[in-house]
Every structure is written in C-alpha cells, then in structure tokens.
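Reader: I would like a close look at one part of this model. Please take me to a single residue and then show me what surrounds that part.

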Amino acid sequence: MSLRHLFAVVSVVLISGGAITQEVPKPPTPVPPAEDFQSLVKRLQAEKPGFAKRQQDLLAARYDLADRPADGVTMSKGKPVQAGVRVKLSSGTTWDELAGLAPGEIRERKLWPAGFMSR
C-alpha cells in the first residue's frame, strides 16, 4: 500500500469518526413508583380544575375571547365565525405600527404578539 492510499484510508476513518468516537451511555432515569389506576384517576381529576384555569388564563392573556360574530358568516353547521383580529398585541403597540416596522426591528423590540405560532 502506498503512502497516498494509507493517507486516504486514515482520512476517511478520521472524518467519519468511526475509529475515534464512542457512544457514551446515558445514566438511567429514575422510574417513579407505580401508581394504581384508581388513585391516578382521582389525582388527575383533582388537578384538572387547576390545569383548566391556567390554560384559560393563558388564552385570555394572548387572545381577545369576546363573542363578536361576523354578520352573515357561519361555519357548516351554523356556528358563527368571529370577526376581527383576535391576537392581543404588546401594550402600547398597534397593528399599524407593526406594519411600518421591518421584521428585524419587530424581533429586536420584542413586539411579536404572543398569540402567533412562529416566534
């Protein structure tokens, strides 16, 4: 084997990392003690009002939840479609102000509405 071939083989092995890297085993996570089904159901039912309130408060902080149906617009089974923008903006910010800013400036000033999916 020539020196050039040997260099090529060593380079491939080093680049692929096959000869150098090894998987480091992660320590096992502790397993919580077993809970029977009935006590789990009771515990979760007791915690449900707290979860529901937390989620409702989060929705109310991010969105306008007032009932303002659009005139003459309904879904397939007659449920009215809500009118207007529902996302709440940061205090002191208007939609017109956001429209006049560049995306980078909105990001820098942290004016992106919390109710929007992509942040």
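Author: Start at Lys110. Lys110 is exposed, with a relative accessible area of 66%. This is a predicted model, so read every value as computed from that prediction. Lys110 sits in the segment after H4. Now look at the backbone there. The phi angle of Lys110 is near 55°. That value is positive, and Lys110 is a residue other than glycine.

Arg109 is partly exposed, because its relative accessible area is 41%. Arg109 forms a salt bridge with Glu97. The closest N and O atoms of this pair are 3.0 Å apart. Where do Glu97 and Arg109 lie? Glu97 belongs to helix H3, while Arg109 is in the segment after helix H4 (103-108).

Leu111 is touched by Thr93. Thr93 also touches Leu98. Both contacts leave aside residues up to four places away in sequence. Thr93 lies in the loop between strand E2 (80-82) and helix H3 (95-99). Is Thr93 buried or exposed? Its relative accessibility is 12%, so Thr93 counts as buried; the cut-off for buried is under 20%. Compare that with Lys110, which is exposed at 66%.

From the N terminus on, the order is α-α-β-β-α-α. The chain has 119 residues, and 8% of them count as buried. Thr93 is one of the buried residues. The chain exposes about 10600 Å². Carbon and sulfur atoms supply 63% of that area. Take the contacts with a separation of 6 or more: 25% of them join residues 24 or more positions apart.

Salt bridges come next. How many salt bridges does the structure hold? The count is six. The Glu97 and Arg109 pair is one of them. Elsewhere, Glu35, Arg43 and Glu47 are linked in a network. Arg43 takes part in both of the following pairs. Glu35 and Arg43 have their closest N and O atoms 3.1 Å apart. For Glu47 and Arg43, that distance is 3.4 Å.

Why can Glu47 and Arg43 be described by a helical turn? They are four residues apart in helix H2 (residues 37-62), so about one helical turn separates them. An α-helix has 3.6 residues a turn, so residues three or four places apart point the same way. Glu35 is partly exposed at 37%. Arg43 is partly exposed at 35%. Glu47 is partly exposed at 31%.

Finally, follow H2 itself. H2 has 26 residues, which at 1.5 Å a residue should span 38 Å. The end C-alpha atoms are 36 Å apart, and this agrees. H2 bends by about 35° at Glu47. A proline, Pro49, follows within four residues.

Note on methods:
Residues numbered from 1 in each chain as written. Predicted model: local features only at pLDDT ≥ 70, side-chain atom pairs only at ≥ 80, totals over all residues. Heavy atoms only, no water. Helix = DSSP H or I, 4+ residues; strand = E, 2+ residues; numbered from the N terminus. Buried < 20%, exposed > 50% of the residue type's maximum accessible area, 1.4 Å probe, protein only. Contact = heavy atoms within 4.5 Å. Areas by Shrake-Rupley, 256 points an atom, 1.4 Å probe, with all protein chains shown as cover. Salt bridge = Lys/Arg side-chain N within 4 Å of Asp/Glu carboxyl O. Expected span 1.5 Å × (residues − 1). Bend = angle between axes of the 7 residues up to and from the residue.
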